[in-house]
Amino acid sequence: MINPLEHLRPEIRTLAPYTLAHREARVKLDANESPYGPSEEIQREIRAQLDDIEMNRYPDPDATALKTALAGFLQIPADRLLLGNGSDELIGYLITTFAGKGGGVLYPTPTFSMYGIIAASLGQKTIEIPLEEDFQIMTDRFLAALRKNSPEIVFLASPNNPTGREFPEEVVIPVLEESGAVVVLDEAYIDFTDHNGCLRLLDHYPNLIILRTLSKIGMAALRLGILTASPQILREVEKVRLPYNINTFSQTAATVLLRHEGALREQIRTIVSEREWLFSALSKIPQLCPIPSTANFILFRTDEPDRLFGHLLNAGILIRNLNAPGPLAGCLRVTIGAPEENREFLSHLQNFFQGGK
Ligand SMILES: Cc1ncc(COP(=O)(O)O)c(C=O)c1O
């Protein structure tokens with residue numbers, strides 16, 4: 001009998017599948033999604049367009065209409081965009097394109113887990129540099145680690161998940177200048193900050209790549225990640241992109257949604273003002289220590305993370321329990337929901353600390 005597992009790559013043998021418990025909850029504040037879907041009217045418009053899809057035909061491999069709509073929304077020329085089935089797919093393309101000569105993939109931790117998982121599954125070395133205690137980066141220490149390790153790729157998520165903190169330009173620029181690596185700035189949460197990220201640096205740094213996504217602003221189901229970089233980088237990444245990676249349903253629905261930019265921006269404004277409100281409310285609870293965030297979630301520490309998580313779950317409210325030995329000990333992460341969801345979350349939280357455990 002042939003044992004196919006004899007041929008298994010050792011790095012796959014040691015990996016565990018990325019299982020996300022898909023838990024149903026009445027109030028879902030665990031996955032950094034937007035609480036808002038499109039209005040009835042926009043849904044009707046999408047349905048009308050979906051009716052015209054030729055299901056027997058492959059998608060437009062260049063996603064031309066979608067790229068045109070994205071160019072307007074992001075203020076990035078259409079020919080400087082490369083799309084992925086979520087930014088997860090783009091992270092895989094980048095590691096495939098640039099890592100492989102032994103330098104490896106470096107990122108500060110804690111951060112988005114897929115950098116490490118995808119690098120490991122592609123057989124690449126991962127180099128994790130712990131953030132400081134308050135989840136900030138210390139430029140000198142980080143640069144020293146870069147020099148010591150000479151990675152091929154550096155990932156910086158800004159704002160970072162799960163901390164919600166940004167890496168300012170004063171950090172990003174020396175990394176671009178001194179690392180000798182391809183630097184991927186993952187701006188998945190940039191829409192919730194008060195600025196437009198580091199797009200303007202693209203003209204000055206040929207080793208800079210910026211990732212964006214539509215997942216956090218109401219289109220998680222469509223799986224649309226966006227990469228922008230210099231034409232020379234785009235040419236190379238394009239070689240590993242799978243030909244029809246963006247399906248026709250997603251291309252069509254996102255093109256319609258992006259035409260309603262006003263509605264999307266209004267939703268984002270509400271989420272940002274709710275984040276400010278919730279942060280201030282959490283700060284007033286003496287048993288909690290919330291970390292300032294410019295994303296659509298807030299990380300907070302407490303002495304009783306598991307019991308609090310269970311208490312909320314019993315009330316039908318699902319947040320993310322990140323409590324584990326290490327820098328995230330005691331940490332829970334709550335995604336900003338709709339105003340009524342945030343109030344319900346807060347009231348159960350207050351109830352827990354007032355003895356209603
Ligand atoms: C920093 C960061 N980058 C990328 C992603 C993945 O985005 P996408 O849904 O486009 O794959 C996430 C999702 O949580 C994230 O937190």
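Helix H4 covers residues 87-98 (helices are DSSP runs of H or I with at least four residues, numbered from the N terminus). Its end C-alpha atoms lie 16 Å apart, which agrees with the 16 Å that twelve residues should span at 1.5 Å a residue; the expected span is 1.5 Å times one less than the number of residues. This is a predicted model, in which local features need pLDDT of at least 70 and side-chain atom pairs count only at pLDDT 80 or more, while totals for chains, interfaces and linings use all residues. Residues are numbered from 1 along each chain as its sequence is written.

Nine of the twelve residues of H4 are buried, meaning that 20 or more other C-beta atoms, placed from the backbone, lie within 10 Å of their own. Among them are Ser87, Glu89, Tyr93 and Phe98. Just after the helix, Gly100 has a positive phi of about 155°.

Ser87 also belongs to the surroundings of the ligand, as do Gly86, Asp88, Asn161 and Asp186, among others (near means a C-beta atom, placed from the backbone, within 6 Å). This shell consists of three nonpolar, seven polar and two charged residues; Ala, Val, Leu, Ile, Met, Phe, Trp, Tyr, Cys and Pro count as nonpolar, Asp, Glu, Lys and Arg as charged, and the others, Gly among them, as polar.

Elsewhere, the axes of H2 (residues 40-51) and H9 (residues 248-259) come within 9 Å and cross at roughly 145°; axes are lines fitted to C-alpha atoms over the stretch in contact, with angles from 0 to 180 degrees between N-to-C directions. Residues making this contact include Ile46 and Leu50 of H2 and Ala253 and Leu257 of H9, contact being C-beta atoms, placed from the backbone, within 7 Å.

Terms used: Helices (H or I, at least four residues) and strands (E, at least two) are DSSP runs, numbered from the N terminus. Two residues are in contact if their C-beta atoms, placed from the backbone, lie within 7 Å.
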